[in-house]
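Please read them with the structure open alongside.

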Amino acid sequence: MMCKSILLAVIVAYIGYIILGIITTIVLRITNPLHKKCRTGKTLCLTFDDGMDFRYTPKLLDLLAEHHIHASFFILSSTAEKYPDILQRMKQEGHTVGLHSLNHHNQIIQLPHKLCMDFRKSMGIFSDLDTKPIYYRPPWGHVTPLGIWLCKRYHLKTVLWTVIIGDWSKNATVEILCHKLHEKVRGSAVICLHDGRGKDNAPFKTINTLKKMIPHWKKEGYTFETISEFIEENTD
C-alpha cells in the first residue's frame, strides 16, 4: 500500500512539473521581447537549430560566405564534440554560436537531474573547445523554471524567434518555404531555420530556399545581423 502511495505521489509530482513547464513556456512566448524589437526596420537574423551536421552545415556556411552574411547557430553540444572543425569554422567566419542543449531533449519532460546534467555536460564540452556561448535556445522553445535558473547559473540568455516556418517537415518544399517566408517576414525578423535533423534531408531544402530568398531580401533592402548584434543594437 505504501509503495502505491509513493508511486502515486511521484506521478502527481511529475505531472505538476510538466504543467508548470507548459505555463512557463506560454509566459515566455507571450513576453518574448524580440516581438517588440522586430515590429519595424529591415534587419534579418538568420538562426539555425539542431546542427551541426557534416552533410548540411558546411554547405550552408558556403552559402552564407558567398553572400557575406553572419548568422547565428544554436547547436547541439554533442555535435560540437563530434565536429569541432565545423565549430571552429563558424567562429572564424564571424557567426554567433549558441547552445541548443546536449541532444535535443525537451525540457518539459526531462527529469530535473537530467536537465542539470544536460547543461553541465554541454557547457563542459564548449569549454573544452575554447568556446563560451552566451545565448541559449531551448528545443521546441519549451522551458521550465529549472531551465531558466540553469541559464542564469551558466550566464546564458534565452533567445526564441519571431518567424518559424517548419522547414524540418517531410512535406515542406522549397516553394512552400519561400511562400511562408514571403508571408511572415514583415519588418525586422529573427528567423528560426534548421541545419540538422528533419525528414528526407530537409536541411537541403532549407539551403535551397535561402538561395532564392537571400537575393530577394537584398533587393528589398534587408540587412543581416547575428543575434548578438541585433540584441545589443536594440537594447533599450
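**Notes on the predicted model**

1. Of the contacts in the protein with a separation of 6 or more, 80% are between residues 24 or more positions apart; contact means heavy atoms within 4.5 Å. The model is a predicted one, in which local features need pLDDT of at least 70, side-chain atom pairs count only at pLDDT 80 or more, and totals for chains, interfaces and linings use all residues. Residues are numbered from 1 along each chain as its sequence is written, and side-chain values use heavy atoms, with hydrogens and water left out.

2. The C-alpha atoms fill a box of roughly 70 × 40 × 35 Å along the principal axes. The protein has ten helices and eight strands, which are DSSP runs numbered from the N terminus (helices: H or I, at least four residues; strands: E, at least two).

3. On burial and surface, 49% of the 236 residues count as buried. Here buried means under 20% relative accessible area, exposed over 50%, and partly exposed in between, with a 1.4 Å probe and protein chains only. The protein exposes about 12,100 Å², and carbon and sulfur atoms supply 60% of that area; accessible areas come from the Shrake-Rupley method with a 1.4 Å probe, and for residues only the protein chains shown count as cover.

4. Helix H3 spans residues 57-66, and its buried residues are Thr57, Leu60, Leu61, Leu63 and Leu64. Seen down the axis, they fall within an arc of 160°, so they line one face of H3. The arc is that of the directions from the helix axis to the C-beta atoms. An α-helix has 3.6 residues a turn, so residues three or four places apart point the same way. The cover over the buried residues of H3 includes strands S1 (43-49) and S2 (72-75) and helices H5 (84-92) and H9 (202-219). Just after H3, His68 has a positive phi of about 55°.

5. Which residues of H5 are buried? They are Ile86, Leu87 and Met90. These cover an arc of only 100° around the axis, which puts them on the same side of H5. Asp85 and Gln92 are exposed, on the face of H5 turned away from the buried side. The buried residues of H5 have cover that includes H3, S2, helix H4 (77-82) and strand S3 (96-99). Gly94, which follows H5, has a positive phi near 90°.

6. Asp50 is buried, at 8% relative accessible area. The peptide bond from Gly51 to Met52 is cis, with omega near 15°, and Met52 is also placed in the loop between S1 and H3. Most residues other than glycine have a negative phi, and most peptide bonds are trans.

7. Another positive phi, near 55°, belongs to Asp130. Asp130 is in the loop between helix H6 (112-128) and strand S4 (135-136). Is Asp130 buried or exposed? Asp130 counts as exposed, at 68% relative accessibility.
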